[in-house]
Number of protein chains: 2
Amino acid sequence: MLHWLKHYRRPLLVGDLSAGLVVAMMMIPQATAYALVAGLPPVAGLYASILPPIAYALFGSSMTQSVGPMAIIALMTSTAIAPLAPAGSALAGVLAAQLALISGAALLLCGLLRMGFLANFFSRPVMSGFTVGSALVIAFNQLHTLLGAEPPHLHLPSAVLGVGALIVLVLSRLYLAGLLKRCGLKPAAADVAAKLMPMMVVLAGIALMATTSLGEQGVRTAGAIPGGLPHLNLATSAPHWKPLLQPGLLIGFIIFLTSMSSAQSLALKRNEKLVSNHELVGLGAANVASALSGGFPVTGGLSRSAVNYAAGAHTPLSSIVTAALLAAALIAPTGWLALLPLPVLAATIIVAVLGLLELDIVRTAWQYDRGDVLAWAATCLGVLALGVEAGVVVGVALSMGTLIWRASRPHIAVLGRIAGTEHFRNVERYPVETRPETLVLRIDANLFFGNMEAVAGRIECELATHASARHLVLVMSPVSSIDTTALYELAELNQRLKRRGIGLHLAEVKGPVLDRLRGTTLLRELNGQLFLSTAIACDHLQTVKDVA
Amino acid sequence: MLHWLKHYRRPLLVGDLSAGLVVAMMMIPQATAYALVAGLPPVAGLYASILPPIAYALFGSSMTQSVGPMAIIALMTSTAIAPLAPAGSALAGVLAAQLALISGAALLLCGLLRMGFLANFFSRPVMSGFTVGSALVIAFNQLHTLLGAEPPHLHLPSAVLGVGALIVLVLSRLYLAGLLKRCGLKPAAADVAAKLMPMMVVLAGIALMATTSLGEQGVRTAGAIPGGLPHLNLATSAPHWKPLLQPGLLIGFIIFLTSMSSAQSLALKRNEKLVSNHELVGLGAANVASALSGGFPVTGGLSRSAVNYAAGAHTPLSSIVTAALLAAALIAPTGWLALLPLPVLAATIIVAVLGLLELDIVRTAWQYDRGDVLAWAATCLGVLALGVEAGVVVGVALSMGTLIWRASRPHIAVLGRIAGTEHFRNVERYPVETRPETLVLRIDANLFFGNMEAVAGRIECELATHASARHLVLVMSPVSSIDTTALYELAELNQRLKRRGIGLHLAEVKGPVLDRLRGTTLLRELNGQLFLSTAIACDHLQTVKDVA
């Protein structure tokens, strides 16, 4: 904690200050926009961008992570509170803070219990499917704001403004950085400058609203934003804890996943080490801080953190600078923000979430593993058809389902001896010698409840095709763990083979596995022997046979 | 299907007939008792014991499985329908049949989609914890029937009758088989005879009710049982499909698990092969048949199937005989069944579920793997504290949690060369030679989303402690699969090492793994080489070093 402050060196200061400024400018439209996505007043987004990054700077593990509102988390927040309170109401704000408190407390608890392994419940294709599905839902939800539409009519001035902003943003996203580079800007500076376009477009929108009659023509704006810093209090009074519990836990899970994936991609660039348990604590503290200050659930966002890094951030000081600047913006007159036209804000949201439509993993998986494409598609469709919360559950179920399904098809090789050597290899891939009375199988998987039934089935199958085998040698070199369920099934296999007069021998059992097997019924009643190597086993069993 | 009938031989007939008779006698008290546990009229239990075993005989995979009502499934049925209909009402019966239809349809669908791997979602300790928790709930729920209690008073005649029956049943369970063996009965016959004690006690109870004034003193009885066979109809009319869907699916899952574990223990005794997909179809057909004939969800029960086997059953014909005898009992006068005293029935239920309190696995796991004891305890407490449905969810979550937690601690060994050989072994266990510029790691796990982060972390850790390493050789012999997530993380590791000027080499990659890796970005951009063996890799990399 704060070890970066102890070793802080003056040369880092310029980078941290400029990154803090850039992220603050990026944050103003983003935070207000995501507050609207969450069904909250725009100021809640700014509140959620002040204390949470400071809390993360104190407790988090990533040096350049930028913590604050994020599109998918905002969507999940809106999904959770929409049935309980009308969008934009005071109650919605209280519920959003409670949601942040639940998520934050759960993240803190998981961090203190060192449950960072929870991040491994999602495979990447599933996470990608979840992200793409959520991005489509968010973009679709913004369409009516973009077009100023009250069905069945659209509001022409709003639509022109919104679609105009959308076109500018899409074009600048595609071409601006390249253009600036050709004009002589350094690549990093050009990328950062291009990322400030949403703020520029928003400022242009405000200027238009201030100087033209668009407002009188019915273009909707963000409305008055109360000045001053948020009041600190824990919103524990409202009567909605119970229905918020499950969404809060799901949001906490997704906060952890998105933040880890963002932090990991930064750590990769900076050769940093990331400690998932610290990350849990940092995110937990950030969300509790958000709850304290009238915000909503927050997380580390990839695109914002990447800008932070590219703009020169070296330490969490840049996040503290961002927070200070946003606080200053709230203390200064906030009247200008009230003019922010909603169609323009909708355009920035749509462009931001279109950036989440990363389909590279689908292309890769299509060539590499179609099962993963199926998991991707099912999660994405799950979000679209059943909603974002059910999408998380579908995602976990699919990740686990894929895992158990793969485990249920373990690789087991029949081995033979390479003539004249002590080496044993797969009979299907090498010209090897086998003996009819001894069946040698190598089990290429750790044995656990998910695959042991399949392993036992396969062993029976091989014994059926090698009917003359009197000895079964299991080569255990690839097995580095055996769980209780597998221990039971091995003991049952042993009993079964004993009754049929077939010896069960274990070869090349790893040290740690053997240490744990000692004293178990399996070893005590083993209908055969332990051998150090497969060659020794086969030599010995041949002698036994010859003697008999 | 029915292949057992094609090869039926006369000598099997005596065994099948006698087993059918024994199981029918066991079934009468059991089926009526479990109907009461399910909150249904006693006759529903008999209906659930006629068509379902016949359907299973036609489609199931186990030769000696006895399908019918079972305690835990009855408890789950009662949990599902209790909020929707009062116990014993006509609506409760309709809902129970619908529940059987949902479970049956889901099981059939899973069978047709060959999803037998679903059985692997529970580890044995978790299944045991679930069973023990459910058994305790059932036993506890029966206490007030056993004592004839309307709180705060107990009904003395009922309590004397119930506790008396309980004592007789417990004593006979503990000692009767041994006593009969010492009297000269064959062991199998003695065991079977002991299992008929519940029927004897029930008959004694009926005799007592018929000959004494216990009924007038307020001892409650099963009440009139309508004679005749069940009417066939699919109860699709009631308005409760939606709340029954989730319980129906959970019940289907537990039906599959209990039946598989029973069938497996029988298959073990008979050297039979069990096909989990056939089992799904058989159970699905049995439950649809139960729904058709006014029953409730059914499964293959271990204790009843064991009696069936011990009493001489060779083929599903014994189940058909049981069904025919039960049908005959319903056609014959059923007045005698009406006198069945409920306290005695409660005693039979309590003794039956106490038989489910099998704690051997806890003892084994306590010595072998404390994590499994934790999973056992958490599932058991989950059932007791949150109920039987939440218990299933807790169980799956714990099984998967254990799995991911274990996966997140993969075994990785630093290897060195045994002097003068081509063998490489763990530096911690063997006296081996290493070279400072080459770090050799063997990854003892398949690479997938659940462990790749931990693998990458461990690799970074080893590179940090071996700071002079210019080459990293990953020995891939234990890796038999790499999923899309792991492929991405390996490619990222490769990029990271490339930037740091460290070569990434892969040795002993298995054939099937290599086949899939060809054409991926990882191999195309690999900052190093593929080697057939670790020895070749190290010899070659040493030359590279010497040249440089």
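Which strands of chain A does helix α20 (residues 452-465) lie across, and at what angle does the helix run to β5(A)? The legends below take this view and several others in turn. This is a predicted model, in which local features need pLDDT of at least 70, side-chain atom pairs count only at pLDDT 80 or more, and totals for chains, interfaces and linings use all residues. Residues are numbered from 1 along each chain as its sequence is written, chains are lettered from A and ligands numbered from 1 in the order written, and side-chain values use heavy atoms, with hydrogens and water left out.

**View 1. Helix α20 lies across strands of chain A.** The strands are β3, β5 and β6 (471-475). The helix runs at about 155° to β5(A). Axes are lines fitted to C-alpha atoms, for helices over the stretch in contact, and angles run from 0 to 180 degrees between N-to-C directions. Contact means heavy atoms within 4.5 Å. Helices (H or I, at least four residues) and strands (E, at least two) are DSSP runs, numbered from the N terminus.

**View 2. Six strands of chain A form an open sheet.** The order is β4-β3-β5-β6-β7-β8, with mixed pairing. β4 (424-426) and β8 (530-531) stand at the edges, each with a single partner strand, so one side of each lacks a neighbour in the sheet. Two strands pair if DSSP finds at least two bridges between them. β3 (residues 412-417) and β5 (residues 438-443) of chain A pair in the antiparallel sense over three bridges. Within this pair, A:Val414 stands opposite A:Leu441.

**View 3. Strand β3 of chain B is largely enclosed by the rest of the structure.** Why is this so? Six of the six residues of β3(B) (residues 412-417) are buried, so the strand is largely enclosed. Buried means under 20% relative accessible area, exposed over 50%, and partly exposed in between (1.4 Å probe, protein chains only). Both faces are covered. B:Ile412, B:Val414 and B:Gly416 are buried on one side. B:Ala413, B:Leu415 and B:Arg417 are buried on the other.

**View 4. β3(B) pairs with β5(B) and with β4(B).** The pairing with β5 (residues 438-443) is antiparallel over three bridges. There, B:Ile412 stands opposite B:Ile443. Three bridges also join β3(B) to β4 (residues 424-426), again running antiparallel. B:Gly416 has B:Arg425 as its bridge partner in β4(B). β3(B) and β4(B) form a hairpin with six residues between them. In the turn, B:Gly420 has a positive phi of about 80°.

**View 5. B:Glu462 sits in helix α20 (residues 452-465) of chain B.** Is B:Glu462 buried or exposed? B:Glu462 is buried, with a relative accessible area of 11%. Neighbours within four places in sequence are left aside here. B:Glu462 is then in contact with B:Val414, B:Leu439 and B:Leu441.

**View 6. Helix α9 (residues 187-195) of chain A has buried residues.** They are A:Ala190, A:Val192 and A:Ala194. The elements covering them include α2, α8 (156-182), α10 (197-211) and α13 (302-310) of chain A.

**View 7. The largest cavity has a volume of about 50 Å³.** The structure holds two cavities of 30 Å³ or more. On a 1 Å grid over the protein atoms alone, a cavity is a set of points where a 1.4 Å probe fits but cannot get out; lining residues have an atom within 4 Å of a point. Grid points are joined across faces, edges and corners, and a volume is the space filled by probe spheres set on the points. The lining includes A:Val23, A:Met27, A:Pro53 and A:Asn308. α2 (12-37) and α14 (317-331) of chain A each supply at least two lining residues. α14(A) gives the most, with three residues. The lining has four nonpolar, five polar and no charged residues. Ala, Val, Leu, Ile, Met, Phe, Trp, Tyr, Cys and Pro count as nonpolar, Asp, Glu, Lys and Arg as charged, and the others, Gly among them, as polar.

**View 8. The second largest cavity holds about 40 Å³ of space.** Among its lining residues are B:Ser66, B:Val67, B:Ser318, B:Ser319 and B:Thr322. The largest share, three residues, comes from α14(B).

**View 9. A:Glu508 has a positive phi of about 55° although it is not a glycine.** A:Glu508 lies in the loop between β7 (503-507) and α22 (511-517) of chain A. This residue is partly exposed, with a relative accessible area of 27%.

How values were computed. On a 1 Å grid over the protein atoms alone, a cavity is a set of points where a 1.4 Å probe fits but cannot get out, and a pocket is an open set with protein on both sides within 12 Å along at least five of seven lines; lining residues have an atom within 4 Å of a point.
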